[in-house]
Amino acid sequence: IRCEACNGHRYTPDVLDVHYKGKNIFEVLEMTITESLTFFADAPKVEKKLTALAEVGLGYLRLGQPATTLSGGEAQRIKLAAHLAEKNSKHLLYIFDEPTTGLHFHDIAKLLECFDRLLEKGHSLIVIEHNLDVIKCADHIIDLGPGGGGEGGRLLTSGTPEKIATHDKSHTGEFLRDILSDFS
């Protein structure tokens, strides 16, 4: 049921009468991140933060989207965008837990580019992941198994993707062999 006082706009008429570049606050918050990049092109500080959000594949989100409606992966990528947008010279360790869950392969490519940017800034990453497109790009893999639940949790092998692919008891290695042979 729409609120009779604000007609679903969440603001009083007095607030909605204030316009910036022809739009009120409700109209601005209804824009997607991608749409807002053009709208805020003349506001460098705002544009920098919006650009970081777009770069991690969140251009489809609305500016006013409630945080409670975000998936876990979206929330992780918002935090990633915040770190990419800031000028932090300290070495940081980032831990990502299944960041590709629910992502389209184009968005996974964007995420990998963001990981590269963090590495270029001197940061370190630990990524807990099952997506082979991410695993094959790792500098070092720690492969646990041999299965899940009670059958898992033991160190099977560790090393480069190429080394993991040679391990005969590693399910990850088995799938990596197929992927890596496609590139040879």
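Predicted model: local features only at pLDDT ≥ 70, side-chain atom pairs only at ≥ 80, totals over all residues.

Reader: How far apart are the end C-alpha atoms of α4, and what should it span?

Author: Helix α4 covers residues 44–55, and its 12 residues at 1.5 Å a residue should span 16 Å, which agrees with the 16 Å between its end C-alpha atoms. Just after α4, Gly-57 takes a positive phi of about 85°.

Reader: Which residues of α4 are buried, and what do they pack against?

Author: The buried ones are Leu-50, Ala-52, Leu-53 and Ala-54, and the buried residues of α4 pack against α3 (33–39), α5 (72–85) and α6 (105–120).

Reader: Staying with α5, at what angle do the axes of α4 and α5 cross?

Author: Their axes cross at roughly 135° and come within 8 Å. Angles over 145 degrees would count as roughly antiparallel and 65 to 115 as roughly perpendicular, so α4 and α5 are oblique to each other. The crossing of α4 past α5 is right-handed, with Lys-48, Lys-49, Ala-52 and Leu-53 of α4 making the contact with Ile-78, Ala-81 and Ala-85 of α5.

Reader: Switching to the core, which residues touch the most other members?

Author: In the largest nonpolar core, which has 26 residues, they are Ile-33, Val-56 and Leu-80. The elements giving two or more residues to this core are α3, α4, α5, β1 (93–97) and α6, and the largest share, six residues, comes from α6.

Reader: And what does Val-56 touch?

Author: Leaving aside residues up to four places away in sequence, Val-56 touches Arg-77, Leu-80, Ala-81, Leu-84 and Cys-114. A second, separate core of six residues includes Ile-135, Ile-141, Ala-165 and Leu-180.

Methods: Residues numbered from 1 in each chain as written. Heavy atoms only, no water. Helix = DSSP H or I, 4+ residues; strand = E, 2+ residues; numbered from the N terminus. Expected span 1.5 Å × (residues − 1). Buried < 20%, exposed > 50% of the residue type's maximum accessible area, 1.4 Å probe, protein only. Contact = heavy atoms within 4.5 Å. Core = buried A, V, L, I, M, F, W, Y, C linked by side-chain atoms within 4.5 Å. Axes fitted to C-alpha atoms, helices over the stretch in contact; angles between N-to-C directions. Parallel < 35°, antiparallel > 145°, perpendicular 65-115°, else oblique. Left-handed = near helix turned anticlockwise from the far one by under 90°.
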